[in-house]
Amino acid sequence: MINRRKFIRASAFTGFASLFTKGAWSMDETGTVKGKPVVISTWDAGIRANNAAWEILGNGGRALDAVEKGVMQTESEQNCCVGLGANPDRDGFVTLDACIMDEFSNCGSVAFLERIKHPIAVARRVMEKTPHVMLVGSGAQQFAVAEGFPLEEQKLSPNAQKNYENWLKTSEYKPPAINVENLPVVQKGKQGHGPFAPYKLANGEWNHDTIGMVAMDTNGNFSGSCTTSGAGFKMRGRLGDSPVIGAGLFVDNEVGACTATGQGEDVIRVAGSHSVVELMRQGLSPEVACKKIIERIVKIKGAKAKEIQVAFLAVNKKGQVGAYSIHKGFEYAIRTNEMEKMVKAKSIMD
Ligand code: SD4
């Protein structure tokens, strides 16, 4: 992940200095973007991922190919939020989860996968070459190697090494809070409370560890992908929502697609992305559907909702795009024929 300062500097060079300015782009008040194709993805790494996806979508290609290629870009970025350069689990190992889903409701997933650079590509092979949906752990790795994916060296990136050493100083045996920069307790610089301990990375960034991407191609077909290193310093063997079809990602070609980011345990609890798509099927706009499921999580969590971040990002068949999060701070990247932007999502809490 690049931080905000670096991102704004980079965007000035690439001619996208007005990425956050209102009204400079063509999305109407219902969130409808003009024309197809469209690709959206979570957090600021999404800008570069969307560009990679656009090489396919912009040439009339299939959404499935675009969402695979798009997030492979992020998986390749060392020092980023996703892939082998990301933060390890509490035992010091990077374990990766990913899933992919196409317009025919085919889906594939890998979880607890080690030493493989592109888990999303392995997830696609699971979808296309096996009778199964999910492969995990050593079995997933064995399958990847048999499919010709190189087994990479087991070594932390320099950034992850620093983050891990920093975390080891306290090494609290609690799941860290994911994407929580706006929590008041964090802003005061105090230790978190409750079951989740907010933390800052060694480089001063907050912990985003995931990219979710959904796209509609020129034929109006949807696909989605989601790939993650999971929560940094998680318990060994922990899986979040990202590799779980229906939680971190869901696609229904008649309706649209949704992806999630944030505290995976709480996305799984409400079958998050599937629930958003089902509300869109009933006629709710993507933004309202995302909001309703965020509200459901907040209701379930009660006072503890203050301690977690969850966000959903969705697109429907009309080309409407929407997102919602528990806390302020969630943003997503969008690319269409007419624009390339970061958008700040609405939230329930500050
Ligand atoms: C997880 N949902 O493993 C992921 C984490 C995430 O930005 O979204 N981080 O729970």
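Where does Gly 35 lie? Gly 35 belongs to the loop between helix H1 (4–13) and strand E1 (38–42), where helices (H or I, at least four residues) and strands (E, at least two) are DSSP runs numbered from the N terminus. The model is a predicted one, in which local features need pLDDT of at least 70 and side-chain atom pairs count only at pLDDT 80 or more, while totals for chains, interfaces and linings use all residues. Residues are numbered from 1 along each chain as its sequence is written, and side-chain values use heavy atoms, with hydrogens and water left out.

Gly 35 has a relative accessibility of 46% and therefore counts as partly exposed, a class between buried, under 20%, and exposed, over 50% (1.4 Å probe, protein chains only). Although Gly 35 and Asn 337 are 302 residues apart in sequence, their C-alpha atoms are 7.5 Å apart in space.

An N or O atom in the side chain of Thr 210 is 2.9 Å from an oxygen atom of the ligand, and for Arg 238 the corresponding distance from a ligand oxygen to a side-chain N or O atom is 2.7 Å. Asp 241 has a polar side-chain atom 2.6 Å from a nitrogen atom of the ligand. Taken alone, the ligand exposes 290 Å², and the protein buries 100% of that, with accessible areas coming from the Shrake-Rupley method with a 1.4 Å probe.

Definitions and conventions: Polar contact = N/O pair within 3.5 Å; in protein donor to acceptor, adjacent residues only side chain to side chain.
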